[in-house]
Amino acid sequence: MKIKVSCLQMDIAFGDPVRNYQSAEKLIEKAMEKHPDILVLPELWTTGYDLTRLDEIADQHAMQTITFLQAAAKKHKVHFVGGSVANRGEKGVSNTLLIITKEGEVIHQYDKLHLFKLMDEHLFLEAGSKKGLFQVEDHLFAGVICYDIRFPEWIRAHTSEGAVALFVVAEWPAARLQHWRTLLIARAIENQCYVIACNRSGSDPNNQFAGHSLIIDPWGEIIAEAGEQEDILSAEINLELVKEIRKQIPIFEDRKPNSYY
Ligand SMILES: NC(=O)CCC(=O)C(=O)O
């Protein structure tokens, strides 16, 4: 089964949701020229890391972003791994990944588990606890957020339940571009899954971001990579390849989890 995915590597206006919805709308229109099945947006794309102003700009139950993505999904008949948003709920603000089908149904919301202290997330955000597994047209996928890729056991918790592709949404700084590329390739090889990783471009008052969104096959080969600037990165993924590679080197059968801890 072949699926076309596109990452919207957008520049994010700091603390300005109105501008960011406008930018996203334009990028979505442009991305649809290539007729993708799934569109991916970056982390915290409506606000950026303007965490000190979350009282003003966090999205109440993510409703504004959900409504925006539902309309786009139905208009273009495309599934969304809709990036993450600063989502104000009952217990505070979470960094929430939104999965919306082409029919406009919200099928999963994943709250980032590992909060990144270097960018003050622990001071302003609540950590989640549930996995990012979701199903699109009979395929089991996983969605995680940025710093989560440094935790191989968290990714393995998803692939050992059968996930065949890992979607990563990120605001990853250029200062650690080498980590970004190396970790994503490693997660693809060790889990024998596709990795579709959408980073942002541009800068905010504290960081220059790396761009370099990546689409990596289950053998660890990069099949598409963006540069530093705002861009749309597209590729076709072939989910049969996951089955073939898992058969050739059966790591999921060969694991010895009882000996690991
Ligand atoms: N937004 C993030 O989670 C950034 C993670 C990061 O930069 C890292 O090095 O890890």
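Tutor: In this predicted model, the contact between helices H5 and H6 is formed on the H5 side by Pro152, Ile155, Arg156 and Thr159, which meet Arg187, Glu190 and Asn191 of H6. Sorted by class, this contact comprises three charged, two polar and two nonpolar residues. Helix H5 spans residues 152–159 and helix H6 spans residues 177–191; their axes come within 11 Å and cross at roughly 40°. An angle of 65 to 115 degrees would count as roughly perpendicular and one under 35 degrees as roughly parallel; H5 and H6 are therefore oblique to each other. The handedness of their crossing is right-handed.

As to the setting, the UniProt annotation "domain: CN hydrolase", from an unreviewed entry, covers residues 3–239. Over that range the chain is 31% strand and 25% helix, and the C-alpha atoms at its ends lie 8 Å apart.

The ligand may be considered next. Its surroundings include Cys146, Tyr147 and Arg150, and also Glu171, Trp172, Pro173, Arg176 and His179. Glu43, Phe116 and Met119 likewise belong to the residues around the ligand. By class, this shell has four charged, one polar and six nonpolar residues.

Methods:
Residues numbered from 1 in each chain as written. Predicted model: local features only at pLDDT ≥ 70, side-chain atom pairs only at ≥ 80, totals over all residues. UniProt positions renumbered as here; feature names shortened; annotations may be inferred. Helix = DSSP H or I, 4+ residues; strand = E, 2+ residues; numbered from the N terminus. Near = placed C-beta within 6 Å. Nonpolar A, V, L, I, M, F, W, Y, C, P; charged D, E, K, R; others polar. Axes fitted to C-alpha atoms, helices over the stretch in contact; angles between N-to-C directions. Parallel < 35°, antiparallel > 145°, perpendicular 65-115°, else oblique. Left-handed = near helix turned anticlockwise from the far one by under 90°. Contact = placed C-beta atoms within 7 Å.
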